[in-house]
Amino acid sequence: MTASALVPKPRVERAPRRAALAPLIGRDDDIGRVAAAFESGARVVTLSGPPGIGKTRAALACLERLAPRFAETGGAWFCDLSHVTSDGGLGLAVLSLLRDRRGGEVARADEARARVGDVLEAAGPALLVLDNFEQLVSAAAVVERWCEAAPELWVLVTSRERLAVAGEVVVELAPLDESAAAQLFVKRARDAGGAQAYEPAAVASIVRKLEGIPLAIEL
């Protein structure tokens, strides 16, 4: 098997886009911080913050911004890990995403982890987004090994906790400021068939009570 046979077909993998999640409001600076961190040499960037702060949506926006640079190389890949609970499951999930079918089914989780490293090394420059990593922080060493195997790999992680691996930069997502939170509230209210005009003071009061948490505003 030649190395070129391991390289996934150049492509961009995105999670299904839900209309309720677009457009992204109030996160331009955060997306810029992620891009700047990678450009400055970070190998792993972790989007961190409490539940409902918008980590997944911000990661998707980062994917959209960064993906074109990988279109002709290893690709940009989005992996939802919300149902994965072990480092073995992590390897299997990413291997399936990368569409590696060498040798039929993978018999052991350690084989899957090793194959991921092989595929990513052969792919060259690539972006791997690992969403919902908080229940897998103990598997951070697996991500570190993939980065060692694939020196041109960028990994973007969403997690409530940092991975504490070499080359990691943490971008902490804060609640939306009052202006962005009000924009989000009004946009979602209109999308849901509400009035076209809202009293600014009333909206400001609502979003303050919701503490600028995007998911709370969405709901």
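Which residue is the bridge partner of Phe-78 in β3? The bridge partner of Phe-78 is Val-129, and the sections below place that pair in its setting.

## The model and its overall make-up

This is a predicted model, in which local features need pLDDT of at least 70, side-chain atom pairs count only at pLDDT 80 or more, and totals for chains, interfaces and linings use all residues. Residues are numbered from 1 along each chain as its sequence is written, and side-chain values use heavy atoms, with hydrogens and water left out.

The chain holds 8 helices and 5 strands. Helices (H or I, at least four residues) and strands (E, at least two) are DSSP runs, numbered from the N terminus. Read from the N terminus, the order of elements is α-β-α-β-α-α-β-α-β-β-α-α-α. Of the 219 residues, 47% count as buried; buried means under 20% relative accessible area, exposed over 50%, and partly exposed in between, with a 1.4 Å probe and protein chains only. Among contacts (heavy atoms within 4.5 Å) with a separation of 6 or more, 77% come from residues 24 or more positions apart.

## The sheet

The 5 strands make an open sheet with parallel pairing, in the order β2-β3-β4-β1-β5. Two strands pair if DSSP finds at least two bridges between them. The edge positions belong to β2 (76-80) and β5 (168-172); each has a single partner strand, so one side of each lacks a neighbour in the sheet. On average, neighbouring strands are turned by 15° against each other, direction ignored.

Let's look at each edge in turn. At one, β2 and β3 run parallel and are joined by 5 bridges, and here Phe-78 has Val-129 as its bridge partner. Although β2 is an edge strand, 4 of its 5 residues are buried, so β2 is largely enclosed by the rest of the structure.

Helix α1 (residues 28-39) lies across β1, β3 (126-131), β4 (153-159) and β5, and runs at about 170° to β5. Axes here are lines fitted to C-alpha atoms, for helices over the stretch in contact, and angles run from 0 to 180 degrees between N-to-C directions.

Helices α3 (residues 87-97) and α5 (residues 140-149) have axes that come within 9 Å and cross at roughly 45°. That makes α3 oblique to α5, since angles under 35 degrees count as roughly parallel, over 145 as roughly antiparallel, 65 to 115 as roughly perpendicular and the rest as oblique. From α3, Asp-87, Leu-90, Gly-91 and Val-94 make the contact, and from α5 it is Val-142, Val-143 and Trp-146. By class, this contact has 5 nonpolar, 1 polar and 1 charged residues. Ala, Val, Leu, Ile, Met, Phe, Trp, Tyr, Cys and Pro count as nonpolar, Asp, Glu, Lys and Arg as charged, and the others, Gly among them, as polar.

## Glu-144 and the cysteines

Glu-144 is found in helix α5 and is partly exposed, at 25% relative accessibility. Leaving aside residues up to four places away in sequence, Glu-144 touches Val-165 and Ala-166.

As for cysteines, Cys-62 is buried with a relative accessible area of 2%, and Cys-147 is buried at 8%. The count of disulfides is 0, where a disulfide is a pair of cysteine sulfur atoms within 2.5 Å.
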